[in-house]
Amino acid sequence: PFPHFVGRGLIAAEDMKAISADFPNITKPGVFYISDLEYGPAFAKLIEAIQSREMAEIVGEKFGMKLAGKPLMISVRGQCQLKDGRIHNDSRDKIATCLLYLNESWDASGGRLRLLRDSENLDNMITEVPPEAGSIIGFKRTENSWHGHNKFEGQRRSIMFNWLSSDFALAKNVGRHKLSAAIKRLGFSSKSEY
């Protein structure tokens, strides 16, 4: 129904151990923009790889589009709440989305991202990806690129990176994420995006 890819085992076990140790200390649910977080060198190295031209070229080739040079937004999630994962489609500002998962293992039935054939039914899936260490799912944003997951509460670590249509779209989305993070710090919750 829409262009996508799934990869597994992208991060070696020894690297994953270091990345886990250097992961930002996120104790609240929600999505946090990368510049608002503190983290160690192994996690920083992973972020550098995500920001590289090579990454944009690889993902762009998968979708038959030029992503190198497009604005890139990176956000991180550490915790999930029960209301997260509702079926949605990304905003039109986002032209391609990737989610890289960083949980050591995943036995729970909830929290597994599903790409969907429609906007109504979580069981009408194209594919499902458990958020295990080194798993990645990417998709081109289309009018029907629906996704979501069954309910889960607890630690669910991921990095989301989106290539956006313009610098204006980047500024708008970063501003929204920063506002959302500020609201969360005050103890309120906001709508989840993935």
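How many aromatic pairs does the count come to? Hi everyone, the count comes to six aromatic pairs. The rule is that rings of Phe, Tyr and Trp (its six-membered ring) pair if their centres lie within 6.5 Å; planes under 30 degrees apart are stacked, over 60 edge-to-face, and the rest tilted.

Let's look at one of them. The ring centres of F2 and F139 are 6.1 Å apart and the planes sit at 75°, so this pair is edge-to-face. F2 is buried at 5% relative accessibility, and F139 is buried at 0%. Buried here means under 20% relative accessible area, exposed over 50%, and partly exposed in between, with a 1.4 Å probe and protein chains only.

A quick word on the model: it is predicted, local features need pLDDT of at least 70, side-chain atom pairs count only at pLDDT 80 or more, and totals for chains, interfaces and linings use all residues. Residues are numbered from 1 along each chain as its sequence is written, and side-chain values use heavy atoms, leaving out hydrogens and water.

Back to the rings: F23, Y39 and F43 make up one aromatic cluster.

Now the strands, which are DSSP runs of E, at least two residues, numbered from the N terminus. In strand β3 (residues 72–80), nine of the nine residues are buried, so β3 is largely enclosed by the rest of the structure. Strands pair if DSSP finds at least two bridges between them. β3 runs antiparallel to strand β9 (residues 154–164), with eight bridges, and L72 has W163 as its bridge partner in β9.

Conventions
Helix = DSSP H or I, 4+ residues; strand = E, 2+ residues; numbered from the N terminus.
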